[in-house]
Protein chains: 2
Amino acid sequence: MKVLVFGAGQLVQMMYLAAAPLGVDVKAVDVNSRDILHPVSKQKLEMTLDYALSDADVITAEFEHVPEDLLALAGETGKFHPNAKSILTGADRVREKACLDIANIPNAPYKIIKHIDALDDAVQALGQRIIFKASRDGYDGYGQWRMMIPEDVDDIRIAFASLDLQTVPIVAEKMIDFEREISIIGARTSDGKVSCFDIAENLHYQGQLHVSVAPASNISDSLKQKAHYIFETLANSLEYIGVLAVEMFQVGDELLVNEIAPRVHNSGHWTQNGAETCQFEQHIRACLNFPLGSPQTNKITAMINIIGCTSFSRDLISIPGCHLHWYGKEVREKRKMGHINVTANSYFELSEKLSKLLTFLPEEYFPKLAGEIRRLKAL
Amino acid sequence: MKVLVFGAGQLVQMMYLAAAPLGVDVKAVDVNSRDILHPVSKQKLEMTLDYALSDADVITAEFEHVPEDLLALAGETGKFHPNAKSILTGADRVREKACLDIANIPNAPYKIIKHIDALDDAVQALGQRIIFKASRDGYDGYGQWRMMIPEDVDDIRIAFASLDLQTVPIVAEKMIDFEREISIIGARTSDGKVSCFDIAENLHYQGQLHVSVAPASNISDSLKQKAHYIFETLANSLEYIGVLAVEMFQVGDELLVNEIAPRVHNSGHWTQNGAETCQFEQHIRACLNFPLGSPQTNKITAMINIIGCTSFSRDLISIPGCHLHWYGKEVREKRKMGHINVTANSYFELSEKLSKLLTFLPEEYFPKLAGEIRRLKAL
């Protein structure tokens with residue numbers, strides 16, 4: 001069987017490695033050059049995009065920012081999973097918010113700003129602390145802006161003045177005083193079967209995921225049920241096929257959905273060494289209509305992203321249960337270079353292993369790790 | 001880092017898949033055509049053998065039958081592991097027996113037959129039931145012969161008459177009434193560090209491995225110590241670097257070495273899903289002088305070979321903990337097409353899962369499975 005994947009980064013690489021044992025071949029599409037690449041070596045394969053599209057049994061994506069013409073081409077084949085709707089929902093915060101509202105899934109209060117005049121109304125409705133997000137990424141001048149004090153609104157007004165808000169609206173979202181960020185990752189099959197991995201607890205720094213620990217500690221049954229309900233409701237409403245990730249804020253015993261990622265997800269990398277089936281294999285299984293694998297957790301696992309850094313001792317793999325996953329990319333600031341999965345039988349054991357790991361790492365690139373070690377030790 | 005592997009079968013394929021996350025590239029050498037191949041796609045890579053040999057950081061082999069000129073070429077580079085001596089020992093039963101005797105490791109009583117006149121002496125010395133093995137494989141007319149009753153010797157004498165016993169002697173070995181066959185697989189590093197996986201219990205049928213279960217049941221501490229002593233003694237005496245497999249017969253509380261395989265081994269495939277580090281990654285680590293990974297067993301695991309058969313339902317992967325490893329080869333009689341690893345938390349649970357697995361498989365291709373299920377259930 002053959003799977004073609006839009007995108008040529010680490011996610012398709014890990015899909016390839018997980019699919020090969022099933023006898024499934026995975027190829028990558030560079031969505032800019034339209035070249036077909038080997039997912040690991042990134043070597044150009046002698047084949048046109050048209051041929052690759054027709055030759056594949058299934059087409060999928062490693063990210064939601066698939067150019068619309070490619071999405072249309074893939075859609076025409078009838079072989080694209082999860083489906084265009086899900087990709088578009090993940091790629092556009094206006095659609096994402098609408099999807100959550102229609103499914104009646106709690107999320108942070110928000111306003112859509114399509115004209116600079118709507119800014120004051122949004123501020124009035126959402127209160128003192130607001131995060132403004134471009135509805136779609138990758139547009140010049142767009143990004144995220146934070147209003148922490150009322151006076152910030154003046155800078156934001158200036159920034160918005162030069163933007164085409166009609167074409168790319170802004171989602172203004174009330175900042176949530178959440179206790180923590182968690183994510184639930186699972187798969188849905190074409191016949192509506194849903195299977196989730198254990199919930200992960202995620203630590204971000206400057207907008208990037210740095211550390212995930214799964215299973216998340218102190219997840220009550222009620223919280224777990226809520227997370228599963230949210231996942232299943234969203235997956236069903238999107239008629240989703242494949243692996244889906246849902247990021248949530250926990251506020252007391254409530255969950256607010258922060259983001260829907262229609263793909264395998266960084267906070268699910270722990271499954272490679274901690275779960276009976278990894279998210280990459282699970283996505284391939286779901287897309288090809290194979291039976292899903294067991295999502296059972298075998299080990300408590302921490303996933304540590306290696307971001308913008310290559311200067312660490314490879315000897316860290318001497319730590320028992322420490323697994324390096326290296327992407328083979330050229331180093332750039334803030335670029336995800338690889339990740340480390342560390343498995344253990346208890347949170348305490350995990351904290352001990354992470355303490356040892358930290359001795360191999362330059363701490364400035366891993367700003368969330370020391371705190372997480374302390375937290376895990378105290379559990 | 002780059003590793004070049006002599007051989008282009010499933011073992012180098014699985015090495016490639018295990019090495020990629022470490023940022024290590026693996027290429028395969030077809031020892032017949034001398035082409036350099038991608039280990040998974042088997043696509044020919046545009047590079048000469050000379051270039052590949054000089055470009056590699058390390059050269060190793062997936063089998064012991066490496067043509068001698070290649071072994072010499074690799075040896076000259078100073079980058080070949082485990083080393084030529086170990087490969088030659090694994091490839092030649094006369095050398096293998098000498099290696100065992102020099103290291104004082106128990107093995108089945110034997111005689112070397114270099115001339116037809118030595119046959120009667122061998123029979124006299126070894127008793128009623130003897131297995132005769134060509135010292136090296138792959139020679140026309142050579143193979144294995146069994147003497148089960150004294151009269152069989154006449155047929156054997158006729159067979160031997162046409163052979164060049166001076167060039168390829170025969171090892172006559174007393175047949176052992178063993179209780180079971182087990183194997184110990186581990187790695188040795190350049191600085192002499194040795195690390196073994198749990199012992200596997202192996203079921204053969206018509207000379208081929210069909211089922212392995214690890215950890216082997218009912219292994220006393222004394223037996224475990226003997227196996228580890230044998231492994232370490234042999235690995236040290238061969239100055240071995242990489243993963244080594246030692247097959248043994250258990251007779252009461254004694255172990256007789258049956259075979260030394262200077263490579264990753266079929267009876268170690270269970271480590272892919274049952275151990276913290278798999279044998280393929282461990283071999284790559286040892287060869288590249290990386291720290292070894294933890295050999296710890298995470299799950300009791302059965303490895304079932306799929307031999308000469310493609311007609312089974314792929315739905316077997318619906319069984320929790322059931323992992324397919326497919327080699328992507330054209331089917332041939334007696335050819336290893338893939339294997340299935342089944343993980344469980346107890347022997348009983350394993351027997352239940354294997355019972356379910358058997359419902360997906362054509363039993364005639366899996367003649368050892370039903371009996372093994374009964375045995376595991378009764379443990």
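Visitor: How many residue pairs are in polar contact across the interface of chain B and chain A?

Guide: Welcome! This is a predicted model, and across that interface the rule finds 11 residue pairs in polar contact, both partners at pLDDT 80 or more. Helix H1 (10–19) and strand E16 (322–326) of chain B each supply at least two residues of the side that touches chain A. The largest share of that side, five residues, comes from E16(B).

Visitor: What makes up the side of chain B that touches chain A, by residue class?

Guide: That side divides into 15 nonpolar, 11 polar and four charged residues. As for salt bridges across the interface, the rule finds zero. A pair would need a side-chain nitrogen of Lys or Arg within 4 Å of a carboxyl oxygen of Asp or Glu.

Visitor: How many residues does each chain bring to the contact, and what area is buried?

Guide: Chain B gives 30 residues and chain A gives 30 residues. The area buried between the two chains is about 2,500 Å², and carbon and sulfur atoms give 57% of that area. In chain B, the residues that lose the most area to chain A are Pro21(B), Glu276(B) and Ile317(B), together 22% of what that side buries.

Visitor: Let us step inside chain A. Why is Glu372(A) called buried?

Guide: Buried means under 20% relative accessible area. Glu372(A) has 4%, so it is buried. Glu372(A) sits in helix H12 (residues 369–378) of chain A. Leaving aside neighbours within four places in sequence, Glu372(A) is in contact with Leu203(A), Val211(A) and Val213(A).

Visitor: What makes the pair Glu372(A) and Arg375(A) a polar contact?

Guide: The cut-off for the pair of N or O atoms is 3.5 Å. The side chains of Glu372(A) and Arg375(A) are joined at 2.8 Å, and the pair therefore counts as a polar contact.

Visitor: Which peptide bond is cis in chain B, and what is its omega?

Guide: The bond that joins Ala214(B) and Pro215(B) is cis, with omega about -10°. Pro215(B) has its place in the loop between strand E12 (208–214) and helix H8 (221–237) of chain B. In chain A, a cis peptide bond joins Ala214(A) and Pro215(A), with omega about -10°.

Visitor: One last stop: which residues of helix H4 (residues 84–91) of chain B are buried?

Guide: They are Ser86(B), Ile87(B), Thr89(B), Gly90(B) and Ala91(B). The buried residues of H4(B) pack against strand E4 (58–61), helix H3 (68–77), helix H5 (93–102) and strand E14 (254–261) of chain B.

Technical notes:
Residues numbered from 1 in each chain as written. Chains lettered and ligands numbered in written order. Predicted model: local features only at pLDDT ≥ 70, side-chain atom pairs only at ≥ 80, totals over all residues. Heavy atoms only, no water. Contact = heavy atoms within 4.5 Å. Buried area = accessible area lost by both parts, 1.4 Å probe. Polar contact = N/O pair within 3.5 Å; in protein donor to acceptor, adjacent residues only side chain to side chain. Helix = DSSP H or I, 4+ residues; strand = E, 2+ residues; numbered from the N terminus. Nonpolar A, V, L, I, M, F, W, Y, C, P; charged D, E, K, R; others polar. Buried < 20%, exposed > 50% of the residue type's maximum accessible area, 1.4 Å probe, protein only.
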